[in-house]
Amino acid sequence: ELAMLLGNTGRHNDALPLLEALSREAPADVAIQRALLAAQLAAQDHASALLTAQQIEKVLPQSALGPFLAGQVKVAAGLPAEAGAEFERALELQPAAIDPLVALVRLDIAAKRLDAANQRLGAALTAQPGVASLHLMQGLIRIEERRAVEARQSLAEAQRLAPTWWEPYHVEAVANLVAGDDASAYAAYRKGIAAVTDKGMLSDQLAALYERNGQRDEAIKVYEELVVLEPGNLVAANNLAMLLVNHRTAEADLRRAAELSERLAGASNPAFLDTRGWVLLKTGKALEALPLLQRAVAAQGENPVMRYHLAVAQLETGDADGARRNLEAALQSGRNFAGRDDAKVRLARIEAAATNRAG
């Protein structure tokens, strides 16, 4: 229970030693092995996760579960062909298993192998017409085939069969976005949020859509609703704090961002560290912010936003050389990020000051 709590609050590095110890003590306990595999995937330790999937297969040699999980690991590792072979092996063990079949259809859709996807799915739907995930896959295929009316019918059936499952609502929203109908996409997300039990995923997607469209106040409202309904949702607290501190300047909004960021204390997730540090910096606490931002960059140095945030903290604490290195790294990433224009201005100022000193 402690390991699961740590994992659910983003502290995967703390959860892993507990789960590894439990795994050694109870190697035949599939629930423990699955929890370990989830933590390993969260930590992007694909090699260890694959070993855990193989251990599950040793415990359940006639089950599709082990090969299916191995396939998921290989999908996460960016190895679709190897993943497909694992999913095929899972179906050989249990021909009626739904999860590996759905995983294969997803791979076919991603690779634009729509004939193969339709062939797999047709027989499965005939045999098991009451499975929501099969109708969802049919909806995805029809979206790819530009058959919008039929796609909506498939998605409506998936929603009818599994009204509290988030993904059919998300796919409906995406289909509307592809058709250029933002209003219907918003409506699909709102319908899903009202129906599902775990509202975090759809709320995140709705807020992200509002933000992309420049409707930041609406995005903030979505997250405010979510953190009231799910006060333990750290992703929502993180995202709301960042929206407030980046786009609001009122004292009350900064206090709210600070309160939300405090919920992230103790989490090792680099995004949470970055948010806590950035909020501290924006509220005038650069010295407290600096070590948090350094830890975030140490974990995800390729992230230009984190580099930019650290550079600002370094400038405010007198480390112009460190700031220059991080600004250069952020700008040389080639990626667009919030604060890119400010990063260019700050780097130009540092270089101009260095030139003046040299002169």
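Visitor: Which residues do ring pairs link into a cluster here?
Guide: W278, Y308 and F337 are joined into a cluster by ring pairs, where rings of Phe, Tyr and Trp (its six-membered ring) pair if their centres lie within 6.5 Å, with planes under 30 degrees apart counted as stacked, over 60 as edge-to-face and the rest as tilted. This is a predicted model, in which local features need pLDDT of at least 70 and side-chain atom pairs count only at pLDDT 80 or more, while totals for chains, interfaces and linings use all residues. Residues are numbered from 1 along each chain as its sequence is written, and side-chain values use heavy atoms, with hydrogens and water left out.

Visitor: How many aromatic pairs does that rule give?
Guide: The count by this rule is four aromatic pairs. One of them is W278 with Y308, whose ring centres are 5.7 Å apart and whose planes make 50°, so the pair is tilted. That pair links distant parts of the chain, since W278 belongs to helix α17 and Y308 to helix α19, 30 residues apart; helices here are DSSP runs (H or I, at least four residues), as strands are (E, at least two), numbered from the N terminus.

Visitor: And what about Y308 and F337, how far are they centre to centre?
Guide: Y308 and F337 are 6.1 Å centre to centre, with 45° between the planes, and this aromatic pair is tilted. It also links distant parts of the chain, with Y308 in α19 and F337 in the loop between α20 (320-332) and α21, 29 residues apart.

Visitor: What covers the buried residues of α19?
Guide: The cover includes α15, α17, α18 (286-299), α20 and α21. The buried residues of α19 are P304, M306, Y308, H309, L310, A311, V312, A313 and Q314.

Visitor: Switching to pockets, what volume does the largest one have?
Guide: The largest pocket has a volume of about 760 Å³. On a 1 Å grid over the protein atoms alone, a pocket is an open set of points where a 1.4 Å probe fits, with protein on both sides within 12 Å along at least five of seven lines, and lining residues have an atom within 4 Å of a point. Grid points are joined across faces, edges and corners, and the volume is the space filled by probe spheres set on the points.

Visitor: Which residues lie nearest its centre, and which elements line it?
Guide: Of the 31 residues that line the largest pocket, E211, M242, N246, V305 and A338 lie nearest its centre. The elements giving two or more residues to that lining are α13, α14, α15, α17 (270-282), α19 (304-316) and α21 (340-358). The lining divides into 13 nonpolar, nine polar and nine charged residues, with Ala, Val, Leu, Ile, Met, Phe, Trp, Tyr, Cys and Pro taken as nonpolar, Asp, Glu, Lys and Arg as charged, and the others, Gly among them, as polar.

Visitor: How far does α13 reach from its first C-alpha to its last?
Guide: Helix α13 (residues 200-212) has 13 residues and reaches 18 Å, close to the 18 Å expected, where the expected span is 1.5 Å times one less than the number of residues. Its buried residues include L202, L206 and L209, and what covers the buried residues of α13 includes α11 (167-178), α12 (182-195), α14 (216-229) and α15 (234-247).

Visitor: Which residues other than glycine have a positive phi?
Guide: K112, with phi near 65°, is one of them, and R146, at about 60°, is another. Most residues other than glycine have a negative phi. K112 sits in the loop between α7 (98-110) and α8 and counts as exposed at 55% relative accessibility, while R146 sits in the loop between α9 (132-144) and α10 (148-161) and counts as exposed at 65%.

Visitor: What does N118 touch?
Guide: Leaving aside residues up to four places away in sequence, N118 touches I141 and E145, a contact being heavy atoms within 4.5 Å. N118 is in helix α8 (residues 114-127) and is partly exposed, with a relative accessible area of 33%.

Visitor: And the whole chain, how many helices and strands?
Guide: The protein chain has 21 helices and zero strands, and buried residues make up 46% of its 359 residues.

Notes. Buried < 20%, exposed > 50% of the residue type's maximum accessible area, 1.4 Å probe, protein only.
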